[in-house]
Amino acid sequence: MDVAAGLTRVRERIAAACSRAGRDPASVRLVAVSKTKPVEMLRAAQAAGQSIFGENYAQDLREKADALPGVEWHFIGALQTNKAKLVVGRAALIHTCDRIALAQELSKRATSAGLTQRVLLEVNVGREPQKAGALPEDVPALLEKVRALPSLAPLGLMCIPPAEGDPRAHFRSLRQLGQGLGLTELSMGMSADYEIAIEEGATLVRVGTAIFGERGA
Ligand SMILES: Cc1ncc(COP(=O)(O)O)c(C=O)c1O
């Protein structure tokens, strides 16, 4: 996989989707999902101008952040409370805050590190029992509690819609939920559907396979 070529293609498609939607391309940030990919591939992406990378595992984030300075890291995986300390301060944005116990731990760790941790609330838009994320109707109360915690800045919402079916309605409902709550960031869209997500208002798209190729088993 030619990482630079993959990035170019994705950037072109982002620009085209923005143009269709009448959006400024600067309003969409590309998170290159580098989960399981070796640091050399991240370096190639960095050399091609990519500055934001998304990691799913706390341990990997720590190792890659040590190996690769000058990157804006985003944490996009399921986060266990006992791993919060590895992520706070390392990740510029945590996309997967989905419960109050985790928010409390992130707040505690951020406070003792003397920083403000930016987070997104993950929403289970498809109401899938096996998936992480707060149910849409529970998001307003969760947000209110998160807003009351010190050292946490909730900026927006994130979702992973069901693998089957048309994601557009889910993206749209996430945007409407965020609008009603005064949240501006929307993390939605992966390799298969980031153009649709942009048409529906995504401000952060998380793209792995289309940049780095398939992940091994
Ligand atoms: C939360 C999240 N977002 C985005 C991606 C990237 O998916 P894709 O490789 O289909 O672009 C992944 C991949 O594991 C992910 O876990």
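Let's start at the ligand: one of its oxygen atoms has a polar side-chain atom of Lys35 2.9 Å away, a polar contact, that is, a pair of N or O atoms within 3.5 Å. Keep in mind that this is a predicted model, where local features need pLDDT of at least 70, side-chain atom pairs count only at pLDDT 80 or more, and totals for chains, interfaces and linings use all residues. Residues are numbered from 1 along each chain as its sequence is written, and side-chain values use heavy atoms, with hydrogens and water left out.

Now look at Arg206, where a polar side-chain atom sits 2.8 Å from a nitrogen atom of the ligand. On its own the ligand has 400 Å² of accessible area, and the protein covers 88% of that (areas by the Shrake-Rupley method with a 1.4 Å probe).

A pocket is an open set of points on a 1 Å grid over the protein atoms alone, where a 1.4 Å probe fits, with protein on both sides within 12 Å along at least five of seven lines; lining residues have an atom within 4 Å of a point. The largest pocket has a volume of about 380 Å³. It is lined by 19 residues, and Lys35, Asn56, Ile76, Ile160 and Met190 are the closest to its centre. Its lining has eight nonpolar, six polar and five charged residues.

There's a second largest pocket too, with about 150 Å³ of space. Its lining includes Arg11, Ile14, Pro25 and Gln50. Helix α1 (residues 3-21) gives the most to that lining, with three residues (a helix is a DSSP run of H or I, at least four residues). By class, the lining has six nonpolar residues, three polar and one charged.

Conventions
A polar contact is a pair of N or O atoms within 3.5 Å; within protein, one must be able to donate a hydrogen and the other to accept it, and residues adjacent in sequence count only if both atoms are side-chain atoms. Grid points are joined across faces, edges and corners, and a volume is the space filled by probe spheres set on the points. Ala, Val, Leu, Ile, Met, Phe, Trp, Tyr, Cys and Pro count as nonpolar, Asp, Glu, Lys and Arg as charged, and the others, Gly among them, as polar. Helices (H or I, at least four residues) and strands (E, at least two) are DSSP runs, numbered from the N terminus.
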